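Reader: I am new to this structure and would like to understand the words used to describe it. Could you show it to me and then go through the terms with me?

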Amino acid sequence: MVAAAERAYYRFLVLFFNCLLTFGSYFCFDIPSVLQEQFQGNLTCPNGTQHNGTGHNGTLACVEGLGMTPAQYNLLYAIYAWTNALVVILAGFLIDKLGNHFGVFLFSFLIVLGSSIFALGSHFKGTQYLLPLMLMGRLLFGSGNGSLTIVQNRITAFWFKGKELALAFGLTLSFSRLGSVLNFFFTQQFETHFGIQWTLWGGTLLCTLGFISAITVSMLDKVGMKQLGLDGVIQQESKKVRVQDVRRLPLRYWLLVLTIMFFYNGVFPFVADASKFIQDKYSGYSQQAAAYIAGAVYDSSLVLSAAVGILIDYVGLRGVFAVGCAVLTLPVFALLAFTFVPPLVSTIWLGITYSFAAASLWPSIPLVVPQATLGTAMGLATSVQMIGSGLSNLIVGHILGTKSSELKIPLWRWQQMMIFLLANTIACITASVSLTVVDKQQGGTLNRATKRSSAEQVRQPVDTAPLLDEVGDEGLIN
């Protein structure tokens with residue numbers, strides 16, 4: 001009799017709860033960006049709270065909020081990024097050593113704890129406790145969120161390797177981005193009716209739902225592995241994982257990491273400053289309209305990720321798509337730097353290349369490293385990507401050369417920023433071409449289709465060889 005874990009519905013049930021892991025945390029992470037005026041607003045307003053940026057006579061209106069300075073507000077994001085970059089390396093190793101069940105519980109709990117402390121800190125506005133509490137909350141939140149994504153990817157790779165791998169990765173990305181998009185559309189309205197404290201606690205509630213999903217996916221994963229008879233095998237292999245294994249990660253892995261880093265170095269710093277860039281360069285765009293246009297990058301990703309994943313599962317060609325995405329991203333920054341083509345064209349275009357890049361690059365990592373060291377490999381890749389994005393943000397801030405969000409930045413500075421992003425994209429092209437050449441020399445794993453034909457399907461839904469062996473020249477997919 002065929003075990004339930006061997007049937008397709010079981011792995012998609014695992015995937016459903018796995019997707020829900022990071023929905024709430026992505027929603028919660030972006031709350032400060034939507035409520036930036038409230039975070040930096042005055043502690044009190046003589047005529048009460050006003051949520052609009054301008055009064056009826058066109059003058060700036062008072063916005064009541066937490067009273068943070070711009071530097072303090074940006075510190076909330078900085079501490080998240082750098083904590084993530086440091087913690088995910090150790091987290092990946094611990095996940096490989098102690099298993100998915102330990103990681104998914106611990107890191108989802110840290111997200112709930114961090115978001116709770118962050119929300120609690122908002123009740124101490126006007127006191128010396130506000131900033132330390134909120135920074136502590138973001139530190140714990142960052143420690144959990146990036147690490148939870150590694151567990152999420154590890155579970156996805158285990159259940160879908162050799163099957164709908166890119167589709168599964170695309171769906172997890174879509175669910176995460178759905179959290180960001182819904183936050184963008186609804187948080188401002190919620191804050192208007194209920195205030196900033198209750199809004200932050202609402203984000204904590206969504207993170208709690210993620211914790212419940214973590215318990216559920218942990219149980220499904222554990223029961224499924226037991227039915228497949230693989231739980232003992234994985235535990236034995238996990239005990240063999242050592243820090244020194246990093247030195248044995250193949251060249252293809254490191255080229256993948258560089259490709260990911262350079263591509264994201266172009267996307268994330270642009271999105272961070274896109275709203276102000278649109279207002280400074282193009283006439284007639286309000287702050288809200290500019291934010292909608294900037295958000296089109298993630299909107300495109302939300303819509304396309306699953307479909308792109310299905311395509312890549314059937315045709316393979318991950319290396320080809322990696323090169324193509326990098327090449328097709330070059331015109332985006334050129335248009336933004338040197339033309340006045342409507343910015344929505346560029347943000348949708350970037351969203352499309354971002355969707356293909358995410359669906360082809362991240363799912364390639366499980367194909368070039370053993371399952372037993374996948375957590376460590378994902379952690380290293382995430383850390384390098386975040387360090388690269390953080391440094392790029394610092395460089396972009398230096399190029400733009402202003403600390404005030406109210407000053408109009410000269411166009412020539414924006415052009416220099418776009419040239420810097422173009423340079424990162426050219427570096428991405430170089431890394432992706434090198435990756436494709438090396439992969440072809442070592443068996444062409446990345447350009448092979450993941451989805452097997454019906455004749456090749458076997459009863460076991462998971463390949464056991466990658467749990468036991470090092471990656472050979474022929475890769476992991478038979």
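Reader: Which residues does S108 touch, not counting residues up to four places away in sequence?

Author: S108 touches L148, F211 and A214, where contact means heavy atoms within 4.5 Å. This is a predicted model, in which local features need pLDDT of at least 70 and side-chain atom pairs count only at pLDDT 80 or more, while totals for chains, interfaces and linings use all residues. Residues are numbered from 1 along each chain as its sequence is written, and side-chain values use heavy atoms, with hydrogens and water left out.

Reader: Where is S108 found, and why is S108 counted as buried?

Author: S108 is found in helix α6, residues 100–121; helices (H or I, at least four residues) are DSSP runs, numbered from the N terminus. Buried means under 20% relative accessible area, exposed means over 50%, and partly exposed lies in between, with a 1.4 Å probe and protein chains only. S108 has 2% relative accessibility, and therefore counts as buried. The C-alpha atoms of S108 and C207 are separated by 7.9 Å, although these residues are 99 apart along the chain.

Reader: What makes Q189 partly exposed, and what makes R177 buried?

Author: Q189, which is found in helix α8, has 48% relative accessibility and so counts as partly exposed. R177, which lies in α8 (residues 165–228), has a relative accessible area of 7%, and is therefore buried. Among the residues that R177 touches, not counting those up to four places away in sequence, are Y26, F268 and Y354.

Reader: How do you know that α10 is roughly antiparallel to α17?

Author: Helix α10 (residues 251–281) and helix α17 (residues 411–441) pack at an angle of about 160°, with their axes 8 Å apart. Axes are lines fitted to C-alpha atoms, for helices over the stretch in contact, and angles run from 0 to 180 degrees between N-to-C directions. Angles under 35 degrees count as roughly parallel, over 145 as roughly antiparallel, 65 to 115 as roughly perpendicular and the rest as oblique, so α10 is roughly antiparallel to α17. The residues of this contact of α10 with α17 divide into 19 nonpolar, six polar and six charged, where Ala, Val, Leu, Ile, Met, Phe, Trp, Tyr, Cys and Pro count as nonpolar, Asp, Glu, Lys and Arg as charged, and the others, Gly among them, as polar.

Reader: Why is α1 also called roughly antiparallel to α7?

Author: Helix α1 (residues 8–20) and helix α7 (residues 130–160) pack at an angle of about 170°, with axes 10 Å apart, which makes α1 roughly antiparallel to α7. On the α7 side the contact is made by Q152, I155, T156, W159 and F160, and on the α1 side the residues include Y10, F12 and L15. The residues of the contact of α1 with α7 divide into eight nonpolar, three polar and one charged.

Reader: What makes α7 mostly covered?

Author: In α7, 25 of its 31 residues are buried. For the chain, 54% of the 478 residues count as buried.

Conventions. Helices (H or I, at least four residues) and strands (E, at least two) are DSSP runs, numbered from the N terminus.
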